[in-house]
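Please keep the sequence and the model at hand while reading.

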Amino acid sequence: MEGVDPRVVEAFAFVEKSAMWDAMNILLDASIEVEVTYAIAGDTVGEERIHAAGRASALTDFHALIHNLRSQAREQNGMTPAKS
């Protein structure tokens, strides 16, 4: 995890279940669902659709980023990769 702040590696390599991690994933999943639903709604048009799709894409990318960071942090610390 070259270039990643060591505090991030430490934070993402947690062993026990984390209520914060679970809550963050629930919020991200819900936010992605809201943006996708709005983007594909029949009454969403033009730039509103583009913005909603962009927000959904950004949230999805961020969600993937934190899961990749978690897996890499756990591997770097000799743990099995995280399932979620």
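## Helix 3 and its buried residues

The buried residues of helix 3 are Ala52, Ala56, His63, Ile66, Leu69, Arg70, Ser71, Ala73 and Arg74. Buried here means under 20% relative accessible area, exposed means over 50%, and partly exposed lies in between (1.4 Å probe, protein chains only). These buried residues pack against helix 1 (6-12) and helix 2 (19-40). Contact is defined as heavy atoms within 4.5 Å.

Helix 3 covers residues 46-76, which is 31 residues, and its first and last C-alpha atoms are 45 Å apart, close to the 45 Å expected at 1.5 Å a residue. That expected span is 1.5 Å times one less than the number of residues in the helix. Just after helix 3, glycine 78 adopts a positive phi of about 75°.

## Basis of the description

The model is predicted: local features need pLDDT of at least 70 and side-chain atom pairs count only at pLDDT 80 or more, while totals for chains, interfaces and linings use all residues. Residues are numbered from 1 along each chain as its sequence is written, and side-chain values use heavy atoms, with hydrogens and water left out.

## The chain as a whole

The chain contains three helices and zero strands, giving the pattern α-α-α along the sequence. Helices (H or I, at least four residues) and strands (E, at least two) are DSSP runs, numbered from the N terminus. Along the principal axes, the C-alpha atoms occupy a box of roughly 50 × 25 × 20 Å. The radius of gyration of the chain is 16 Å, whereas a compact globule of 84 residues would have one near 12 Å. This radius is taken over C-alpha atoms, and the globule rule is 2.2 Å times the number of residues to the power 0.38.

Of the 84 residues in the chain, 25% are buried. Among contacts with a separation of 6 or more, 62% join residues 24 or more positions apart. The chain exposes about 5,900 Å², of which carbon and sulfur atoms supply 61%; accessible areas come from the Shrake-Rupley method with a 1.4 Å probe, and for residues only the protein chains shown count as cover.

Isoleucine 32 lies in helix 2. It is classed as buried because its relative accessible area is 15%. Leaving out residues up to four places away in sequence, isoleucine 32 touches Ala56, Leu59, Thr60 and His63. Isoleucine 32 and alanine 56 are 24 residues apart in sequence, and their C-alpha atoms are 5.2 Å apart in space.

Valine 9 belongs to helix 1 and has a relative accessible area of 7%, so it counts as buried. From valine 9 to asparagine 77 the separation is 68 residues in sequence and 8.8 Å in space, C-alpha to C-alpha. Valine 15, by contrast, sits in the loop between helix 1 and helix 2, and it counts as exposed because its relative accessibility is 60%. Apart from neighbours within four places in sequence, valine 15 is in contact with Arg74 and Met79. Valine 15 and methionine 79 are 64 residues apart in sequence and 8.5 Å apart in space, C-alpha to C-alpha.
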